[in-house]
Amino acid sequence: MLDITTEFAAVVDSQDEYTHNGGGSHKSNTSQARLFSQLAKQRHEEIASDAFTVDDSYKKNEAGYWKSESNTWDLLERLYALRAQVPADEDSEDSVMREDNDSDEHSVPEKHSSITATAFSSVQELMVANSQLSEYVEVRRWLEENAPPFQPVETRKGYLFYTRRNIKERERLAGSSEKAAAIVGRIVTEADPDSTSRQRKELAFEDAEYECGLLRTLFEYVRRGRADNAMDLCIESDEPWRAASLKGGLFWRDPKLEADSEIPVDGSDATDIDVRPPHPAGNINRTLWKQACAALAQDDNNELYERALYAALSGRLDEVLLVSGSWEDHVWAYVNTMVESQIDQGIKDASVLYTPAQNTSLGHVQSKHPSVRDIKQVFDSLATHESASLRSEAGEPFHALQMAIITNTFQDYVIEFARKLSAQELSDDESDLLRVVVHSALYLRSLGFDMPSDAVDVLLGEYIGHLTTDRRELVASYFLQTVSDAIPVRMNLLRIGEKQGLDADAIAKRTSELVLLKYASTASSTMSGETEFALAEPAEPITDEELDQVRAIEWITSSPQLYEHALVETSRLVRQFLLAGRTNAATQLLNSLPDDFVQQDWLKGVRDPASPATGGSENSDAVSMSSDLFADLSGNHRGQSAGIASHVHEYIHLLSLCDAYAHYSTWAETLCKQPVDTGRLGSRVQTQWLEWKDTIVASTERAIHMFRTQLLEVDWLSTQTLCIDVDSLEIISDELAQRLNDLARLREIYIPETVFRLHSILFDTRDAVPQNLKHSLDLAQLVADESLGIYRQLAKASPAHPRGRLAAFMGLMRRSAFETLCIQQEMQADKPPLLAGPSSSISGGLV
């Protein structure tokens, strides 16, 4: 038997399949609601397939429950797929299912139509313009496709076989007996379709019985949206004239007047693309046909289901209600009437090339049921219906939920459900819907619809309480649903879990793992070099996917007990961001960590008094602390495992890079603000230049210190510096192998880039700090230092630099040397100027 709780949780775990689809990166067109519907349907089929007696009410009720749940998920998926397409300014509770109750006319929005519009194209335009009509059509389709099965009448060849035989028998007897006279008195004398109404007589019993069954089957087909099956049955039963009477509802269209269209005419799926007929088709006099159908429906002499059949086709309500038994049948009758009424009005208002025939006076009987303009009125009338059984059906929990979905009042439903749950006012049947309501709210929230957070938290807390009995491992799946919420909301969910006796740390850890797992494929393609590399500036905004991953780390920084795990995951995610050039995402991740994230136990060791602290940082972000942490980490770590020491070192190295690059961006902005022409524009500009010089000198000194002492001179991210003793390991795990590969690639990318940026800092400030020109030449010694091996990183080839960057670095050295010679030349009298300098096109940046 299907474990529905586990299966639902599995769908929740894979929520990215629908959540990210709106951003264009969705992997599948199957929504969560559809998967939930399939699971409930599977459960229904499992139960229904079991053999049980008619008196087994429990089995019947259980099968009915799962059928109702499957139908509810189907309805939710249909309507909210439509509502998700409505622009934000139109998508409100009042605009989707709203009509003016003070007006006697249906509200049909103004639409664009041309003189060449056909009835078919006019309905297409109306469906696009009128979101309310689109929803009504979808509700009708839902009621048709989910109607219970029925047993259709068998096909029978030979029209009115027994009646025609009786007519022949009567003719043979020629009135010679009393029996013949009796037959003549009650059976029609002519076997044509109108004979019964014209002669006011009956068909032979067998034919009358078959005709009743046929008419009921035709109505049931139309009730289920299967008019094609109804027409086929008529033809197969030798009643083609009746098939023609059903076909009059097709919209008139002319392929010469219509452009190619991919707009469904009846609210069908996008896969049901319209194909234009080769010739004009449909009924140009559809309104006249509907009036004829209405006349048939109003004739009391016609059989009940024949009246209901033509009433349904014409959009009348009275006769359909006469044969409607269930709550769904009544809702279908009302919705069908509203749809047909709005379509008729839309066609009437359209300006078309061909004008249909004027309606004739066939005699019209006013419906005793008033016209309905608001679907809410339908549900209100069913709740107060004179039939006790119908009132009872209207109050069933699933029907109440379906009503809230159809009327777009699901938010109010959730609030009331949570209130009744808190007040312990839910009936047993309503309590059974907790799983459905919770998953519905989470699903709609994932689609971007506003949900009442307080009410959802109440429901979610109660559902989690049920899971704690024997499904504790599934709890994290439901925290995952709110991963996009702000930190206070997510931490409140953890507190809810704690109140239920759950291990909040385990939940947070599992939730973080589930989120990060969703992006594993993207990370692997980035690390394998499949994506184009470009170095982002720290201030650039990050993507939604990157924000999700940053917030995944926030789950495991919710408790100090998880900080060591968070340290490992943070370093791994920062590596992933930096390998993609996303220094901005790495910086935001590091800045999101708690103030007390770096534990004193991690920093046990000998503090190096020679290591300067940053001091005077212009911001309080986490990346501004790297120099202080470097000072704390210098020396040997005592009281720590080698593993945590390695990750602490790596964390500080990564933090230092983001810190240095963030400061480089600030330094570059300051450099661009340099005043010009200080010698000719007066004392005011000279004062501005002096103020700028003080600022740039301080910023330059700090930048040089950060680039040299925290990156280039510490053998940044090398295995030796990070205390990773690879040689002592007998087996290298896949995780460690991936980490070592990442570290090597980061050194290949960022050590050369740091050298080039440091040269830029020194060379571009030669006017404000003259000695920096000489220091820019001294970089050659730093690069050539065998203990650091920076020259090896410059010489390595990479996808961005197939020939390495050592030649480009030598070009920078030539540029600094030439500038030095120029200055020396200018200081000596009577010396000719240098003839040429190095190419100015040398660029060491990644972007």
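Helices H35 (residues 734–764) and H36 (residues 771–784) pack with their axes 8 Å apart, at an angle of about 160 degrees. That makes H35 roughly antiparallel to H36, a label for angles over 145 degrees. Axes here are lines fitted to C-alpha atoms, for helices over the stretch in contact, with angles running from 0 to 180 degrees between N-to-C directions. Helices are DSSP runs (H or I, at least four residues), and strands are runs of E with at least two, numbered from the N terminus.

This is a predicted model, so local features need pLDDT of at least 70 and side-chain atom pairs count only at pLDDT 80 or more, while totals for chains, interfaces and linings use all residues. Residues are numbered from 1 along each chain as its sequence is written, and side-chain values use heavy atoms, with hydrogens and water left out.

**The H35–H36 contact**
- On the H35 side, Val755, Leu758, His759, Leu762 and Phe763 make the contact (heavy atoms within 4.5 Å).
- H36 brings Asn772, Leu773, His775, Ser776, Leu779 and Val783.
- By class, that is 7 nonpolar, 4 polar and no charged residues; nonpolar covers Ala, Val, Leu, Ile, Met, Phe, Trp, Tyr, Cys and Pro, charged covers Asp, Glu, Lys and Arg, and the others, Gly among them, are polar.
- Leu758 of H35 counts as buried because its relative accessibility is 0%; the cut-off is under 20% relative accessible area, with exposed over 50% and partly exposed in between (1.4 Å probe, protein chains only).
- Leu758 and Leu779 are 21 residues apart along the chain, and their C-alpha atoms are separated by 8.7 Å.
- Leaving out residues up to four places away in sequence, Leu758 also touches Ile704, Phe707, Arg708 and Leu712, besides Leu779.

**Another helix pair**
- Helix H13 (residues 240–247) and helix H15 (residues 304–314) have axes that come within 10 Å and cross at roughly 35 degrees.
- Arg242, Ser245 and Leu246 of H13 meet Glu306, Leu309, Tyr310 and Leu313 of H15.
- This contact has 4 nonpolar, 1 polar and 2 charged residues.

**Cores**
- What has the most contacts inside the largest nonpolar core? Phe410 and Trp716 do, in a core of 196 residues; such a core is a set of buried Ala, Val, Leu, Ile, Met, Phe, Trp, Tyr and Cys residues joined through side-chain atoms within 4.5 Å.
- Helix H33 (residues 642–672) gives this core its largest share, 13 residues.
- Trp716 touches several residues beyond four places away in sequence, among them His653, Leu657, Leu746 and Tyr750.
- A second, separate core has 5 residues, including Tyr159, Leu160, Val188 and Leu203.
- Leu655 sits in H33 and counts as buried at 0% relative accessibility.
- Leu655 and Asn591 are 64 residues apart in sequence but 9.7 Å apart in space, C-alpha to C-alpha.

**Positive phi in loops**
- Leu160 has phi near 50 degrees, a positive value in a residue other than glycine.
- You'll find Leu160 in the loop between helix H7 (131–145) and helix H8 (161–173), and it counts as buried at 4% relative accessibility.
- Asp715 isn't a glycine either, yet its phi is positive at about 55 degrees.
- Asp715 lies in the loop between helix H34 (683–712) and H35, and its 14% relative accessibility makes it buried.

**Whole chain**
- The chain has 38 helices and 0 strands, and 48% of its 847 residues count as buried.
- Of the contacts between residues at least 6 apart in sequence, 73% join residues at least 24 apart.

Key. Parallel < 35°, antiparallel > 145°, perpendicular 65-115°, else oblique.
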